[in-house]
Each structure stands twice: as structure tokens, then as C-alpha cells.
Amino acid sequence: MASFSGIGCTSGPSLDGLDLCHVEFTGDVQTDIWGYRIMKATTIPYTPEWQGLLRTACQLSGEQLIRLHVEYGHFVGQTIDEFIQTEGINNLDFVAAHGHTVFHQPNLGYTFQLGDGETTAVHLKYPFVCNFGNKDVALGGQGAPLVPNGEKFLFSHKDICINLSGIANIGLRGLQGYDVCPCNYVSNMLANLHDSKLEYDPEGDIARTGKVIDDVLCQLEELDYYKQLPPKSMESEKIENSMLPLLDTDKYKIPDLLRTFAEHVANRLADACKDGRNMLHAGNVSKQNCVIKVLVSGGGSFNTHLITLFKSKLLNEGFDIEIADSDTIVFKEALIFAFLGLRCLLNQENIMASVTGSRFDSISGSIHRPVHSSSSVTRIIRFLMEKNKHRTDSTSSICSS
């Protein structure tokens, strides 16, 4: 058994802040069985200035975007370093981050996450891994969602994992994963328009007072994205262009739009779970009546109105729906990106073709060394050398016999 200590960092389209998760992974590299323990975790809220910069990044000129890419790299590195110092974190092996997605057009062959890795590494004493999606896109994959790739190893006791973040995604034991529909990205925006003091709709209380607008719900359900088969991923540009115009705040009351949107999300999630069950049990009649275990995490899990609607859609349908503990709800994505970073450093495949639709499984991520050598780099290299030594000794033994 081997143990590694890392930090995962993520930033979602809802722009609430940087999620930082210090986690210890323990596992057997040979059997690829892993467990984890969250040690420290926090969210560093974005200032209004950073929210504005990230929200409008896609509108910048090339030179302006490069400048912001570097500035955000400094910001991420400084924020992680402050987290390490404040929490007194010692014996760290690595840091991994997803970056903040500005452009995501896998069908056109590109995805771009803000935050220059070499710049971030200047502020750290440990190997820094980022840029997890580009290789997958180059291999013909969607490059997202990436969370199901980690769920395969860390949450294998669940049949289905649902993550309710800016965009809701689903993972099926690492066999499949895709973006289901927009979630907090839209509901947070509507809540803020309703009351500028609100960053989200607390427990769905505003939506709870509204009524479903049948015509709007019908248009939402008929969006082209839902007619596509997985693997597929959703980009913010598509939400802005195809969904937001339907949620017309000049024409409809915001509580009614929030209620309608919650109904839509619950419908999409329920249908995704049913499709997932069919995929998991395809060709196995004996398992078609088995209970499907579902784990729900992500900030949307705190929206009790949405969760109630979702559960009602699957009542008596053979699904056992569990809401994750509070740390997993908030920090699961950061936890998993730490794990994907570890697998990259250990030279293990971390992005699966079955999830993204790429031509091959891959070892994805750009590794950025700290300015000076550190014990954590030496420890990981020493671990890999020892593993290779055992492999060489075993091969030599077979040859000699």
C-alpha cells in the first residue's frame, strides 16, 4: 500500500470561487484499488472583480486573454500557497488544478482553461499538474466531464454518481459519463437577478414560490443538446445562446422561471438515471430489477426543492438515492482532480475513452516542476523507480528460470 498527500483545486462556471481540497490517497498501484480521506477543504470566494474578469474572458482580444491567463495563474498559485500556510499543511506531494474553462468546443478540436501552469508553479514547492482535457480532445474526445474518470476508482460502490455543479453531470461506474444539463450556472444567475444580494437560491426557496411555465418548460425539453447521444459535453457558450433566451426575465416572473428550470433539471436528471440503468444492465435480464445506487453531490445538493423534485421523478422506480456528506457535496470535484493529478504523476491512465469518447484511454495532464527541487518530487520519482525495479526483477527472474 502507498499513501500520497495532494491538493486539488477547481473553479466552476457558477463563479462562486476556488475550491481547495487537501486529501490523502491510499491505495495499491498494482491492483488499482484506492481510498481517500479529506484532511482540509475550503472555498475561497471570488471578488466581484475576479467574477467580472472570468465572466467576460471569452470576449477578450488575444493579447488580453494571454495577460489574464498569466494573472490568473499567479492568483491560483498564491491562493493555494496561502491555503497551505494557513492550514499548516506539511508533507505534501503534489498539487493539481483544472483551471477555469473559458472556451470548450471539442467538436472543433479545442478546449481552453484559464491559468498558466508554469506561472502557478512559481508559487509552489511541489509538482503542479493541470491541463487535463487538451490531450483527450486531440484524441477525438469531449475533454469533459472529467469527474467520472475519478469516480470509477473512488466511488466504485455506487452505480451512478450525479454532480450538481454549474453544469450537472452523470457518471456510470466509469463506463460512461456526460454533461446532463445546466444547473447552478443558470439558477444562480436567476437568483442574483431576483435579488442582487443573493449568489444562489437558498434551498430553492424562491423557486418553491413559483409556478411552472408550461410553454417555457416544453421549449427547454426540446433543446437539440438533449437529442444527442453520449459521450457529450456542454459548454457555457451553448447555454448562453440556446437556453438563456428562453428564460426571458422581461416576460416572466423570476420565481416562475426558477420553478420551471428546477422542473426541467429534475426531468433531465431522472431520464439520465433511467438511461444509465438501461446501459448498466443492457443484455442482463437478471439484473434489470436490481436497485440502482445513486450518489448525489455538488452545490446543487443543498437545493432541497430541486432534490425533492428529482426524487419524486424516480419514486418506486428502483433507485436508492443518497445525498453525499457535506464535504463531498462541496469538494468532490477538487478531490477528484487531485486524484487525476496523482495518476498522471504515477504514470497511470486517468482519462477513459469510455467516458469521453476519445480514441484511447490516456495519461493526461501537464506536469510543472517547482522552481527548486523538493522532497515531494524525489519521493514520487523514488516510488516509480522502486516500482520499476520490482518489475525488472520479476522479468529477470522469469527469464532466468
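Predicted model: local features only at pLDDT ≥ 70, side-chain atom pairs only at ≥ 80, totals over all residues.
An open sheet is built from 6 strands, arranged in the order β3-β2-β1-β4-β7-β13, with mixed pairing. Its edges are formed by β3 (33-45) and β13 (366-368), each of which pairs on one side only. From one strand to the next, the twist averages 20°. Strands of a sheet pair through backbone hydrogen bonds, in either the parallel or the antiparallel sense. Strand β2 (residues 17-28) and β3 run antiparallel and are joined by 12 bridges. Within this pair, Gly27 stands opposite Trp34 of β3. The pairing of β1 with β4 is parallel and comprises 4 bridges, with Ile7 having Val95 in β4 as its bridge partner. On its other pairing, β4 runs parallel to strand β7 (residues 128-130), with 2 bridges between them; here Ala96 has Val129 in β7 as its bridge partner.

Side chains in a regular strand alternate between the two faces of the sheet. In β4, both faces are covered: Phe94 and Ala96 on one side, and Val95 and Ala97 on the other, are all buried. Helix α2 (residues 62-87) lies across β1 (2-11), β2, β3 and β4 (94-97), and runs at about 65° to β2.

Phe103 is placed opposite Phe112 of β6. The two strands β5 and β6 form a hairpin with 4 residues between them, and Gly109 in the turn adopts a positive phi of about 90°.

The axes of helix α5 (residues 147-154) and helix α12 (residues 326-345) approach within 9 Å and cross at roughly 80°. The helix α5 is therefore roughly perpendicular to α12, since angles of 65 to 115 degrees fall in that class. On the α5 side the contact is made by Val147, Asn149, Gly150, Glu151, Phe153 and Leu154, and on the α12 side by Lys332, Glu333, Leu335, Ile336, Phe337, Phe339, Leu340 and Arg343. By residue class, the contact of α5 with α12 consists of 8 nonpolar, 2 polar and 4 charged residues.

Val330 also lies in helix α12. Its relative accessibility is 30%, so Val330 counts as partly exposed. With residues up to four places away in sequence not counted, Val330 touches Asp19, Thr43 and Phe302. The C-alpha atoms of Val330 and Thr42 are separated by 8.9 Å, although these residues are 288 residues apart along the chain.

In helix α9 (residues 236-243), the residues Glu237, Ile239 and Met243 are buried. The buried residues of α9 pack against β5 (100-105), β9 (167-171), β10 (177-182), α6 (184-194), α8 (214-221) and α10 (254-280). For Met243, contacts beyond its neighbours within four places in sequence are with Pro182, Val186, Leu220, Leu223, Tyr226, Lys238, Phe261 and His264.

Met243 also belongs to the largest nonpolar core, which has 51 residues; together with Ile160, Ile162, Leu164, Val186, Leu247 and Phe310, Met243 touches the most other members. The element giving the most to this core is α10, with 12 residues. A second, separate core contains 36 residues, among them Val23, Trp34, Val147 and Leu346.

One joins Ala144 and Pro145, with omega about -10°, and Pro145 is located in the loop between α4 (134-138) and α5. Another joins Pro230 and Pro231, with omega about 5°; Pro231 is placed in the loop between α8 and α9.

Positive phi values also occur in residues other than glycine. Asp32 has phi near 60° and is found in the loop between β2 and β3. At 23% relative accessibility, Asp32 counts as partly exposed. Phi of Asn91 is near 55°, and this residue is found in the loop between α2 and β4. Asn91 has a relative accessible area of 70% and is therefore exposed, the cut-off for that class being over 50%.

Conventions. Residues numbered from 1 in each chain as written. Heavy atoms only, no water. Buried < 20%, exposed > 50% of the residue type's maximum accessible area, 1.4 Å probe, protein only. Contact = heavy atoms within 4.5 Å. Core = buried A, V, L, I, M, F, W, Y, C linked by side-chain atoms within 4.5 Å. Pairing = 2+ DSSP bridges. Axes fitted to C-alpha atoms, helices over the stretch in contact; angles between N-to-C directions. Parallel < 35°, antiparallel > 145°, perpendicular 65-115°, else oblique. Nonpolar A, V, L, I, M, F, W, Y, C, P; charged D, E, K, R; others polar.
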